[in-house]
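Biologist: Hi! Could you walk me through this one from the beginning?
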Amino acid sequence: MNNLKLNGRVPRNAEEEIKITSGVYWNIPVVDIRWYKKDTATRKGIRMNLQEARKVRHMLDKAIRSLAQNEEE
């Protein structure tokens, strides 16, 4: 699975970050969201197919909108 493309990083501190990658695994398009420590992948993360990733994106959007709405109140 060396064909993953890095789509973005979310740093937490000097040693830890989330990397979001995508690619094809066994002919299935996948998205991988994983924690890295000192540029080494940890066991914390999730890999999902494209359909699952779309559902997760929808749920994250909903959760973020809800939290943002609570902050405004």
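This is a predicted model: local features need pLDDT of at least 70, side-chain atom pairs count only at pLDDT 80 or more; totals for chains, interfaces and linings use all residues.

Biologist: Thanks! In what order do the strands sit in the sheet?

Modeller: The order is S1-S2-S3-S4, four strands in an open sheet with antiparallel pairing. The edges are S1 (5-11) and S4 (40-49), each pairing on one side only. Neighbouring strands are turned by 20° against each other on average, direction ignored. Strands here are DSSP runs of E with at least two residues, and helices are runs of H or I with at least four, numbered from the N terminus. Two strands pair if DSSP finds at least two bridges between them.

Biologist: How many bridges join S2 and S3?

Modeller: Ten, in the antiparallel sense. Ile-20, for instance, has Ile-33 in S3 as its bridge partner. S3 (residues 28-37) is joined to S4 by seven bridges, and there Arg-34 is partnered with Gly-45.

Biologist: And the turn between S3 and S4?

Modeller: Those two form a hairpin with two residues between them, and Lys-38 in the turn has a positive phi of about 50°.

Biologist: Switching topic: is Lys-19 buried or exposed?

Modeller: Buried, because its relative accessibility is 10%. The cut-offs are under 20% relative accessible area for buried, over 50% for exposed and partly exposed in between, with a 1.4 Å probe and protein chains only.

Biologist: What does its side chain make a polar contact with?

Modeller: With the side chain of Asp-39, at 2.7 Å. A polar contact is a pair of N or O atoms within 3.5 Å; within protein, one must be able to donate a hydrogen and the other to accept it, and residues adjacent in sequence count only if both atoms are side-chain atoms.

Biologist: Okay, the helix. Where does H1 lie?

Modeller: H1 (residues 50-72) lies across S3 and S4. Asn-49 caps the N-terminal end of H1, with a side-chain oxygen 3.1 Å from the backbone nitrogen of Gln-51.

Methods. Residues are numbered from 1 along each chain as its sequence is written. Side-chain values use heavy atoms; hydrogens and water are left out. Axes are lines fitted to C-alpha atoms, for helices over the stretch in contact, and angles run from 0 to 180 degrees between N-to-C directions. Contact means heavy atoms within 4.5 Å.
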